[in-house]
Amino acid sequence: MRRRLRGTAAAGVIAAVLSAGALTPIATADAARARRLDALQDEMKRLQGEMASLALRERGLLGEVARMDAEIALRRAELEDVSLRLSDTGERFDQGQRELARIAGGQERRAPALAARVRELYKRGAAGQLASLVGPLGNPDSLDGFRYATYLSRRDASQLAAWRAGARRLTDEQNSLSEQRERLSTLRAAASRQETALTAGRAARASLLARIRGDREQHEQAFGELEEAARNLGRLVESFEGAPAHVSLDVRKFRGLLDWPADGVVSAKFGTVVHPRFKTEVPHPGLDIDAPEGRSFRTIFDGRVAFAAPLNGYGLTAVVDHGNGVVSVYAHAEVLVVEAGQDVTRGQELGRVGESGSLRGPYLYFELRDAGKPVDPSFWLRRR
């Protein structure tokens, strides 16, 4: 859909009104916002496809959590999309108001001189105007007089044309502002609907997690699904074995010197975790690092992103192959900023902490595997 520019002159006519259909990223003058809108369109298409795939592929409680996570992510992206469009339209509306005031001011400045000239012409009548034109022809300076009369005629025509042009532009700007005002109202309503949908999705997810935590049968079902998810992660990591070396340094030589993937308190250590209510012992081959939603997490060492996508039981997950059989796993992300096949360097941001796939809220699950087997990350990371 193309942007339409109303008015008779391009210069100074700022208001751009989009047709009744969906706005496009090209509509905004801000390049960064346009790029973000483009990215959101791609993200929403991906999430819609992911939701359709999950509906066919995933079953059980973890599958239900995954579908809810995808829907929440879609609603979040839709809300950001409509908020950006609302911001863009609001800025254009403000610009249009300023342009309208500028045009109206110009008309006000032209009005006294034009009114005075009209009154003068009216008083003189047609005979008086004719005398002013032919009178100078009887004088020695008749040529100069005729030129002056011609100048007056052209000046009158120019003033009248400027007034008419200003009036047309004023009307165009008023119409444009009226359309933008309607667009603002539509976008505000859309933003309200998206916020409501997002809130409802989060409430439904919280209700499901409360049932899983409080009901022994559902807890045991989720536990069984988590065990299967862990085996799937192991098979995924094993599939990276034999890949060509792409890191010159051996990460094992930096054991005990690696930076932490995220700032936060370790709420569950490597080993076994006991459920506080049902006393169920759950293998825990990694670290739970409590961090607020949206905080960035980073790769612990140079490597190549081997996997960056949703993973059943782990949510949005990044796996980095550091070479020599060492792989690191970062799970439950809100968003990932890397793609599979991308080379990363030590300390580079991989994404932001979230609660996708999580059964207890936002945190980063971090796992380290050497030769396919989970190892305690605390012996590899710096002391703190």
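Biologist: How many salt bridges does the structure hold?
Modeller: This is a predicted model. Side-chain nitrogens of Lys or Arg count when within 4 Å of a carboxyl oxygen of Asp or Glu. On that basis the structure holds 25 salt bridges.

Biologist: Which helix holds both Arg46 and Glu50?
Modeller: The side chains of Arg46 and Glu50 meet in a salt bridge, 2.8 Å from N to O. The two residues are 4 apart, about one turn of the helix, and both belong to helix H1 (residues 31-57).

Biologist: How many residues apart are Glu355 and Arg205?
Modeller: Glu355 forms a salt bridge with Arg205, with the closest N and O atoms 3.6 Å apart. The pair links distant parts of the chain: Glu355 is in the loop between strand E12 (349-353) and strand E13 (364-370), and Arg205 is in helix H3 (residues 142-214). Glu355 is partly exposed at 24%, whereas Arg205 is buried at 4%.

Biologist: In which helix do Arg231 and Glu228 lie?
Modeller: Arg231 and Glu228 form a salt bridge of 2.8 Å, N to O. Arg231 is partly exposed at 45% relative accessibility, and Glu228 is partly exposed at 33%. They are 3 residues apart, about one turn, in helix H4 (residues 216-238).

Biologist: Which residues are linked with Arg33 in a network of salt bridges?
Modeller: The network has four named members, Arg33 being one of them. Linked with Arg33 are Asp88, Glu91 and Arg92.

Biologist: Why is the pair of Tyr314 and Tyr365 said to tie together parts of the chain?
Modeller: The chain has 4 aromatic pairs. In this one the ring centres are 6.0 Å apart and the planes are at 45°, so the pair is tilted. Tyr314 lies in the loop between strand E8 (303-311) and strand E9 (315-321), and Tyr365 lies in strand E13, so the parts tied together are 51 residues apart in sequence.

Biologist: Are Tyr314 and Tyr365 buried or exposed?
Modeller: Tyr314 has a relative accessible area of 9%, and Tyr365 has 5%. Values under 20% mean buried, so Tyr314 and Tyr365 are buried.

Biologist: Which residues make up the cluster linked by ring pairs?
Modeller: Tyr330 and Phe366 form a tilted pair, 5.3 Å centre to centre with 50° between the planes. Tyr330 is in strand E10 (residues 326-336) and Phe366 in strand E13, 36 residues apart. Tyr330 is buried at 0%, and Phe366 is buried at 0%. Ring pairs link into a cluster Phe297, Tyr330 and Phe366.

Biologist: Which ring does the charged end of Arg384 sit over?
Modeller: Elsewhere, Arg360 lies over the face of Tyr363, 3.9 Å from the ring centre. For Arg384, the distance to the ring centre is 3.7 Å, and the ring is that of Trp260.

Biologist: Over which residues does pLDDT stay under 50?
Modeller: The mean pLDDT of the chain is 79, and 79% of its residues reach 70 or more. Among the elements, strand E2 (residues 16-17) has the lowest mean, 37. Where pLDDT is low, the predicted coordinates should not be read in detail. The stretch with pLDDT under 50 is residues 1-28.

Technical notes:
Residues numbered from 1 in each chain as written. Predicted model: local features only at pLDDT ≥ 70, side-chain atom pairs only at ≥ 80, totals over all residues. Heavy atoms only, no water. pLDDT = per-residue confidence, 0-100. Contact = heavy atoms within 4.5 Å. Buried < 20%, exposed > 50% of the residue type's maximum accessible area, 1.4 Å probe, protein only. Phe/Tyr/Trp six-rings, centres within 6.5 Å; stacked < 30°, edge-to-face > 60°. Lys NZ or Arg CZ within 6 Å of the ring centre and 35° of its normal.
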